[in-house]
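Here is a short note for a colleague who is opening this structure for the first time. The points are numbered so that each can be checked against the view.

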Amino acid sequence: MNQSLTTQEGSKLANRSRTSRVFEWFDERTGINKLLGKALDEPIPGGVRFAYIFGSGLLFLFISQVITGVFLAIYYVPSADHAHTTVAYITKEVTAGSFLRSLHSYGSSAVVVVLLLHVLQTFVYGSYKGRRELLWIAGCVLFALMAGMAFTGYLLPWDQKAYFATAVGTNIASEVPLVGEGIKRLMRGGADMGTLTLSRFFVAHVFLIPSVIFFFVAIHIYLFRKAGAAGPISEDPIAPKQKAESFYPRQLLMDLVFSLLLITALSVFSWLVPAELGPKANPSDTQFLPRPEWYYRPMFHWLKFWQGSQSFIGIIVIPTIVIVLFVGLPFIDRKLERRPWKRPVGVIVFTLVFLSFVTLGVLSYRDDRRNPAVAAQIAKQRKETEEFMRTPFEPETASSSLAAANIALADPLAAQGKTIFEAQSCNSCHGDGGIGTPAGAKLIGVGAKMSPDQLITVLRQPTAKMAEGGMTPLKLKDDEMKAVVAYLRSLK
Amino acid sequence: MEREDQSIEAGTQQSEGRAQLAAPLERRSFLGLLFGVGSVGVTALISIGVASISALLSVPIVRFVLHPLSAKTTETAWSEIGAAEEFSAITIPVKRLMTVEQRDGWRKVISEKSVYVTKGKDGQLRVLSAICTHLGCSVPWIEAKGQFICPCHNGVFAPDGALISGPPPRGLDELETKIEGGRLLVRYQYFRQLVPTKEVIA
Ligand code: FES
């Protein structure tokens, strides 16, 4: 191997001089060599392993979510009026729109899966031990932020399941004593779910949480490099003794293979089973049964056990205990022993908590299947979603459209006025629907500026300024005049 | 295997005294390898990995962004203004209101436009936009005079739309028409004002 390497390098020597001069020039100005050296030469005690791929996998997924998310925002509009239409447009009309949205939507599930694997690996390997408390806490913060991303992102399509799942989700906040109602109101931007809720969730999902995630990813990576890779379970987490192998190139390759696997799996999945969009949220629907995404199912089911006066214990006290135990793990378990069989208490508690989550999730799905009323309603919702997915995209009628104008003209007097307006060629100068032209002023909103009587007066006897602009007195019978005024007042 | 040990050495040689010496080696092992100058099989593998990941992500994104190139997002569809034979016997221009639906991405704008159905000198049906080519007022047909007369600056047009007098730079604009199943269809478009030739504006 060394032999072939040298000959290869030798043959390259000829054109190296120029390329290396370019690199030298670049490096003198950026110091990239040192930076890359530092980034890539991370020593891994005990050698590289596939068990260590999950961290980079998460980083990759996060970047992929950012990229797909940014591009989805090209067509998305965060308003209760348009959100659903724009997501339907992305899903049904835009080239590769359904695919990209699926990548983003399934990407969130992938993040959860890889996150759990990352936590599992860290726990089983005892890699949180040995001066790694802050590293672990930064990871816990990232975990919470990712949960926040999943929660806020779920509402954005503004379809039935998004709306009702978020209604339930925000309701949970009101269980917090004293400040609960306030938190709920803050999240919703009001007492009820509405367009303000969507704006808030959008800003949180797209600007606030991601920027905090970037920050904590940096902290997490920095603390990781500071503490060093923990290596295998037999290794001393503070002063590693086993022979180290560099991150570059073999671990980098493994990480790349994993990222490639992830994106391939996501692509295949997105291609075969595109993410669905249900019918637009209908807040007055009292039948709809909200069901969260699979990773929120255990929590969802857990909440069902706690109703009435006890709910405080189930919704606040117990989860807080679990969270404190989880976040405080490196403080509680301070021994440097990393082999799982030598630390049975931790392993058993962790396994039990994990199994309860799985059980709760399974129970949630099972209960839905077993209750015939629920199963029927869920089947109905499924059918409605499938039906919606089958119907072609229906563009939204712009509010400036004729259809909207005609609603205002439900008043027959105004409708008569419109006919007169056109017969008198008022529209020649003032434009159709009074939108205004270079030759005549805009009449939309004139009803707010003048009373009906004032309008009649100036129409009969235009002011000097109006006459100067070319307005001629309108000679009409009283009832016709009333009709024109009714029409003018309908122009909004 | 040799290779990796080398690079570890390169990276761990951080002490001041050896930093100088290590510099050229570092340059080769990192910058070189990353940009393919160092030429190790690994570089190729890494490049393939990065390239396939980026391809998987960027192909759908590029197609997504380029959607407007293939979509007829702002094209005006054909609208019907009546049965063709309804107009076969007309002798003077007839005003018609047509409903125009215009797609604007995920929304549609519906508006009502007035047009005149008239006959050209050759006896063919022509549909004229009522928008004055001067400054855009709507031009009414003045039956008493047998002419279109713009109320704004007295532009005068013949029954077939040809310019007779006044400030407009050209006659009234003719719209594209077609007859399908006996119905007269019109494609409504806007044209640039104040220029002597007819130019469509989006
Ligand atoms: S706008 Fe018609 S003549 Fe000036």
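1. Domain bounds, as used here, come from an automatic or database domain assignment. On that basis chain A is divided into domain 1, residues 40–383, and domain 2, residues 400–489. Keep in mind throughout that this is a predicted model.

2. How far apart are the centres of domain 1 of chain A and domain 2 of chain A? Taken over C-alpha atoms, the two centres are separated by 58 Å.

3. Start with a helix pair in chain A. Helix H5 covers residues 97–124 and helix H6 covers residues 133–155. Their axes come within 11 Å and cross at roughly 160°. An angle over 145 degrees counts as roughly antiparallel, so H5(A) and H6(A) are roughly antiparallel to each other. The crossing of this pair is left-handed.

4. Which residues make the contact between H5(A) and H6(A)? From H5(A) come A:Val111, A:Leu115, A:Leu116, A:Val119 and A:Thr122. From H6(A) come A:Trp136, A:Phe143 and A:Met146. Seven residues of this contact are nonpolar, one is polar and none is charged.

5. Look next at the loop between H5 and H6 of chain A, where A:Arg131 is found. A:Arg131 is not a glycine, yet it has a positive phi of about 60°.

6. Helix H3 (residues 54–72) and H10(A) have axes that come within 9 Å and cross at roughly 45°. That makes H3(A) oblique to H10(A). The crossing of H3(A) with H10(A) is right-handed.

7. The contact of H3(A) with H10(A) can be listed from each side. H3(A) supplies A:Phe54, A:Ser56, A:Gly57, A:Phe60, A:Leu61 and A:Ser64. H10(A) supplies A:Asp255, A:Phe258, A:Ser259, A:Leu262, A:Ile263 and A:Leu266. By class, this contact has seven nonpolar residues, four polar and one charged.

8. Helix H10 of chain A spans residues 247–272, and A:Pro249 lies in it. What kind of peptide bond joins A:Tyr248 and A:Pro249? The bond is cis, with omega about 0°.

9. Helix H12 of chain A, residues 311–327, holds A:Ile316. A:Ile316 and A:Pro177 are 139 residues apart along the chain, but their C-alpha atoms are separated by 9.1 Å. Leaving out residues up to four places away in sequence, A:Ile316 touches A:Glu175, A:Val176 and A:Ser311.

10. Now turn to chain B and its strands. Strands of a sheet pair through backbone hydrogen bonds, either parallel or antiparallel. Strand E2 (residues 94–104) and strand E3 (residues 107–119) of chain B run antiparallel, joined by eleven bridges. One bridge pairs B:Thr99 with B:Glu112 in E3(B). E2(B) and E3(B) form a hairpin with two residues between the strands. In that hairpin B:Gly105 takes a positive phi near 60°.

11. E3(B) also pairs with strand E4 of chain B, residues 125–129. The sense is antiparallel and the pairing runs over five bridges. Here B:Val115 stands opposite B:Ser129 in E4(B). How many residues lie between E3(B) and E4(B) in their hairpin? There are five, and B:Gly123 in the turn has a positive phi of about 85°.

12. E4(B) is joined in turn to strand E9 of chain B, residues 174–180. Two bridges link them, and the strands run antiparallel. The bridge partner of B:Val127 is B:Leu175 in E9(B).

13. Chain B also has an open sheet of four strands, in the order E5-E6-E7-E8, with antiparallel pairing. Strand E5 (141–142) and strand E8 (163–165) of chain B stand at the edges. Each has a single partner strand, so one side of each is left without a neighbour in the sheet.

14. Within this sheet, look at strand E6 (residues 147–149) and strand E7 (residues 156–157) of chain B. They run antiparallel and are joined by two bridges. B:Ile149 has B:Val156 as its bridge partner in E7(B).

Conventions:
Residues numbered from 1 in each chain as written. Chains lettered and ligands numbered in written order. Predicted model: local features only at pLDDT ≥ 70, side-chain atom pairs only at ≥ 80, totals over all residues. Heavy atoms only, no water. Axes fitted to C-alpha atoms, helices over the stretch in contact; angles between N-to-C directions. Parallel < 35°, antiparallel > 145°, perpendicular 65-115°, else oblique. Left-handed = near helix turned anticlockwise from the far one by under 90°. Contact = heavy atoms within 4.5 Å. Nonpolar A, V, L, I, M, F, W, Y, C, P; charged D, E, K, R; others polar. Pairing = 2+ DSSP bridges.
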